[in-house]
Amino acid sequence: MTLHPRTVLLGAQARTGHLPVCDHYSGVEARMRKSLQLQADMAREFGACVFDVTLDCEDGAPAGAEADHAKLVSELALGAEEGMRVAVRVHAVDHPAFADDVRTIVGGAGARLAHVMIPKVESVQDIETAVRAVDAAGAPALPLHALIESPAAVHRAFDIASHPRVQSLSFGLMDFVSAHGGAIPEAGMGVEGQFTHPLVVRAKLEIASACHAHGKVPSHSVVTEFKDPAAMRAAARRATTEFGFTRMWSIHPDQVRPILEAMAPTGDEVELAVRLLLAAQAAAWAPISFDGKLHDRASYRFHWQVLERAQATGRPLPAGARAWFDAAA
């Protein structure tokens, strides 16, 4: 019997969770509708849903009409095309609108949601509060994502990531910088400063490490310079190659493709992974000598994850690798 790579390679310490590499946020009605249309169009282009759309009830949404906005979000989620990944960011658990957000959106469209983003999470107790609300709304299996936005939350990131309902941690750069009362300059929010200021760098590394320790997905913060695709692409590349993030927020449609491109493996990486894994499979996943190097299941696992990233970002795969993914579908 030929064993599938996932069966052989993905053990307890094998991987973080598997999510699309881009999470696109919008909270104004016209933009939410355009985001859902872009998602559907790109799914047809790539043959798979390659990014999440998170409909925003918090900072990205108008203030003062929270109940009406929650109803709109529920309707949009229910109306999304089949197979699309749609999520919602509700208000923080201590906000007056939180309970109504969950009752309206999760209660009305919970079966259609990919996850619920909980902002301004400070502790595991906040996650427990969210779990009780989501469960009471009728979605006891719905994953939660937590937004880490303060120094105290960064300190507790490992505990938050350990919660079984938490699927991903995101870094809230703007609020994190603001929480320091001017101790971090405004440049720390920019496309360069967020990768060099020591306090911001430390926070990112803690969040990424917490996620990898508990098999969760670390999601990188926004880049506000959305009119500069080269800067966006460079930031996404640094987020994944230097800081260990496997997912990133988009706040403008023009950011989606640069994130997909930057977080996708190169053609050479894909070609090497396919050749190595085919050779490993032929050896029943025993250690082999390949291109002058010794490889075993530890390195096979790495190269399998290269192929999974290629699949998640819509990159074409050679026939040999395509068969693995068709078999697992």
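Predicted model: local features only at pLDDT ≥ 70, side-chain atom pairs only at ≥ 80, totals over all residues.
Val-256, Pro-258, Ile-259, Leu-260, Ala-262 and Met-263 are the buried residues of helix H11. H11 spans residues 256-263 and is mostly covered, with six of its eight residues buried. What do these buried residues pack against? Their partners are strand S1 (22-26), helix H2 (29-46), strand S2 (51-56), helix H10 (229-241), strand S8 (247-250) and helix H13.

Three of those partners, S1, S2 and S8, lead us to the barrel. Eight strands close it in the order S1-S2-S3-S4-S5-S6-S7-S8, and their pairing is parallel. On average, and with direction ignored, neighbouring strands of this sheet are turned by 25° against each other. As a detail, strand S7 (residues 217-220) pairs with S8 in the parallel sense over two bridges. Ser-219 has Arg-247, in S8, as its bridge partner.

Helix H4 (residues 98-109) touches strand S3 (86-89) and strand S4 (113-118), and its direction makes about 175° with that of S4. Helix H9 (residues 198-213) touches strand S5 (144-148), strand S6 (166-171) and S7; the direction of H9 makes about 170° with that of S6.

The charged end of Lys-204 sits over the ring of Phe-195, 3.9 Å from its centre. Lys-204 also lies over the face of Phe-243, at 5.5 Å from that ring centre.

I turn now to the aromatic pairs, of which the count comes to six. How are the rings of Trp-285 and Tyr-300 arranged? Their centres are 5.9 Å apart and their planes stand at 65°; an angle over 60 degrees counts as edge-to-face, so this pair is edge-to-face. The two residues are 15 apart, Trp-285 in the loop between helix H12 (267-282) and strand S9 (288-290), and Tyr-300 in helix H13 (residues 297-312). Trp-285 is buried, with a relative accessible area of 3%, and Tyr-300 is buried at 0%.

A second pair also involves H13. The rings of Trp-304 and Phe-325 have centres 5.1 Å apart and planes at 10°, and the pair is therefore stacked. Because Trp-304 lies in H13 and Phe-325 in helix H14 (residues 319-328), this pair ties together parts 21 residues apart in sequence. Both Trp-304 and Phe-325 are buried. Together with Trp-324, they form one aromatic cluster.

Note on methods: Residues numbered from 1 in each chain as written. Heavy atoms only, no water. Phe/Tyr/Trp six-rings, centres within 6.5 Å; stacked < 30°, edge-to-face > 60°. Helix = DSSP H or I, 4+ residues; strand = E, 2+ residues; numbered from the N terminus. Buried < 20%, exposed > 50% of the residue type's maximum accessible area, 1.4 Å probe, protein only. Lys NZ or Arg CZ within 6 Å of the ring centre and 35° of its normal. Contact = heavy atoms within 4.5 Å. Pairing = 2+ DSSP bridges. Axes fitted to C-alpha atoms, helices over the stretch in contact; angles between N-to-C directions.
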